[in-house]
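Student: Please take one part of this model and go through it closely. I would like a connected account, with the confidence figures kept in view.

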There are 2 protein chains.
Amino acid sequence: MQRVAELAGVSTATVSRVLAGVPGATSEATAERVRRTASHLGYVVNAVASSLRSRQTSTIGLILADVANPFFGRLASGVESVLSRAGYSLLLANSGNSVETEAQLLRVMREKQVDAIILASAGGSGAHIREALAKGSRIVLADTEYPDLPLDAVVIDNAAAAEEAAGHLLDLGHRRLAVLTGPLEASFDRERLAGVGRAFAKRGLALDPSLVARGDSTFEAGKRATRTLLAAAPTAVFATNNLMCAGAITALLDAGLRIPEDISVLGFDDMDWFPIFRPAISAVAQPVFELGVAAAERLLEVLEADGPGAAPRRAVLETTLILRASTASCPPA
Amino acid sequence: MQRVAELAGVSTATVSRVLAGVPGATSEATAERVRRTASHLGYVVNAVASSLRSRQTSTIGLILADVANPFFGRLASGVESVLSRAGYSLLLANSGNSVETEAQLLRVMREKQVDAIILASAGGSGAHIREALAKGSRIVLADTEYPDLPLDAVVIDNAAAAEEAAGHLLDLGHRRLAVLTGPLEASFDRERLAGVGRAFAKRGLALDPSLVARGDSTFEAGKRATRTLLAAAPTAVFATNNLMCAGAITALLDAGLRIPEDISVLGFDDMDWFPIFRPAISAVAQPVFELGVAAAERLLEVLEADGPGAAPRRAVLETTLILRASTASCPPA
């Protein structure tokens, strides 16, 4: 493979991807050159690939913020679908939304000599990421980003998505809009909250801070936060992440409230059961699998560049506001 | 460190491992010589240890059958809660229910020199696990087991749990009971189906094979399988895993059927939204987090034993049949 790469004038990563038939691995002209060179050298793809498989494996690390959240499971599936076709194995790790653990895992990944890392970061100042970069780690961000760091990132436009969602509730007449948010350590949490603020501001309104509740992005946190918020008598709840939304729905039904007659509910990140729930739950749908795919594809490009590369790129994927039965006009006071 | 290594006649790697207290780094005599030399030279261990800590970490591997399934996310959380307290980092990998990928990942884990592996296996003959054991991997099984392999395992009594669940539906008068099952590669799938058969047999009945549908344990597979099964007019569905159950519910509601008036639904593995769904979904609840905890605790014992250890142990955790509103008496024909 080394020899094919030298003769074809590409990296070994390109050779393996071209020979594995990964679409878009490189230009068609280059791919053809690689295939011709390989066939010239009598490079038997299957045999070598299988011997490689048993002795030495190219591995990519993927650090997730919460492995117990199906969002990250789907993200990992997207990453894997690309990397496995390209002949890479994927090692995952879970920061459990802890920046300290994430720093530790970046070190573990370096020790284990993964070729590069896709990081769905728990957030923080980014000092730990800066350190990993200084020590030579190659990193692509997924989901979270750090505008101050020279890193490729694949994200959604969180502020715009949240603004549209909150704007929809405001346009339904809701003024006492409760907002459930994660710990605000990560860029997506902060941007979603900023988007909500923008929706209010654009309508000459102001978000009541006593109607904003933070939690650690778990089901239980959503339940707890909603119970507390009910004292402030909101007419709508915007849960800015999936598990907190599930917790919120549970707390509302436990409190004997009817959705949407008494209170509207809007979630962020669609879940399998949202469309079949009664009422079906409105939510901002993220292209989660595609986010993983795009991050992995960008990572393969970064590995290709192999050395002080091009300027970092930021890819922004589209979200969709899906309106179902859980959101309705504000009930009369 | 160089100087200690020279004087003690060992490599610097050995010095660092001995001073970091890594068990089995070298013979006890050599270790003692290294420690004496270090103390002689006034070598300050703490500084070294902390620099070591940032460079070398004890890691455990955890191979999951499907990272996109929240069951395995919760299992991973349980494993992590124990290992992080014990000072281990956890590297995860996803076989995506493929035995071939699982074999590949066992090799990757070995190359990456994890100290031991917790395996939530996708199943198969076990040849790949036998190979990993022969090459020195230390493995504890979680969720799936291989009675022929000398391995510790932490499991539930799948056959008994499924027998109780199916028996409940039979006792409600259902005879046309549809069963959704995973690919039957793993022990838990086979045992659950066997349990269903036992429930029929004990009542002098026989399970109609045309009412059993296999799928790949995903939401989509559950939906597809249920759509097909509807032609056979079942009065109850027992979905023997969580995502297929969600898919089954979706397919039933899409077909305009009322649960439980037209058809009863019983799932395996309780999910956050089962209790709040209308109707609330009946299911066999597994102690998933605790399964992870128990597997990790057993692994620490295995690591402790260090060497050809005691006979493998099998731990069986309790399940609970939770009856909610989705299961009711068989409607009159």
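Tutor: Start with a definition: the expected span of a helix is 1.5 Å times one less than its number of residues. Now apply that to helix H8 of chain B, residues 158-171, in this predicted model. H8(B) has 14 residues. From first C-alpha to last, H8(B) reaches 20 Å, close to the 20 Å expected.

Next, its surroundings. H8(B) is mostly covered, with 10 of its 14 residues buried. Buried here means under 20% relative accessible area. Just after H8(B), B:Gly173 takes a positive phi of about 100°.

For contrast, look at a helix pair in chain A. H10(A), residues 219-229, packs on H11(A), residues 242-254, at an angle of about 45°. Their axes are 6 Å apart. Angles of 65 to 115 degrees would count as roughly perpendicular, and those under 35 as roughly parallel; H10(A) and H11(A) are therefore oblique to each other. Their crossing is right-handed. Among the residues making the contact are A:Phe219, A:Gly222 and A:Thr226 of H10(A), and A:Leu243, A:Gly247 and A:Ala251 of H11(A).

Finally, confidence. Chain A has a mean pLDDT of 91, and 93% of its residues reach 70 or more. Over residues 46-56 of chain A, however, the pLDDT is below 50. Beyond near neighbours in sequence, that stretch has 10 contacts in the model. For the complex, the predictor gives an ipTM of 0.81 and a pTM of 0.82.

Technical notes:
Residues numbered from 1 in each chain as written. Chains lettered and ligands numbered in written order. Predicted model: local features only at pLDDT ≥ 70, side-chain atom pairs only at ≥ 80, totals over all residues. Heavy atoms only, no water. Helix = DSSP H or I, 4+ residues; strand = E, 2+ residues; numbered from the N terminus. Buried < 20%, exposed > 50% of the residue type's maximum accessible area, 1.4 Å probe, protein only. pLDDT = per-residue confidence, 0-100. Contact = heavy atoms within 4.5 Å. Axes fitted to C-alpha atoms, helices over the stretch in contact; angles between N-to-C directions. Parallel < 35°, antiparallel > 145°, perpendicular 65-115°, else oblique. Left-handed = near helix turned anticlockwise from the far one by under 90°.
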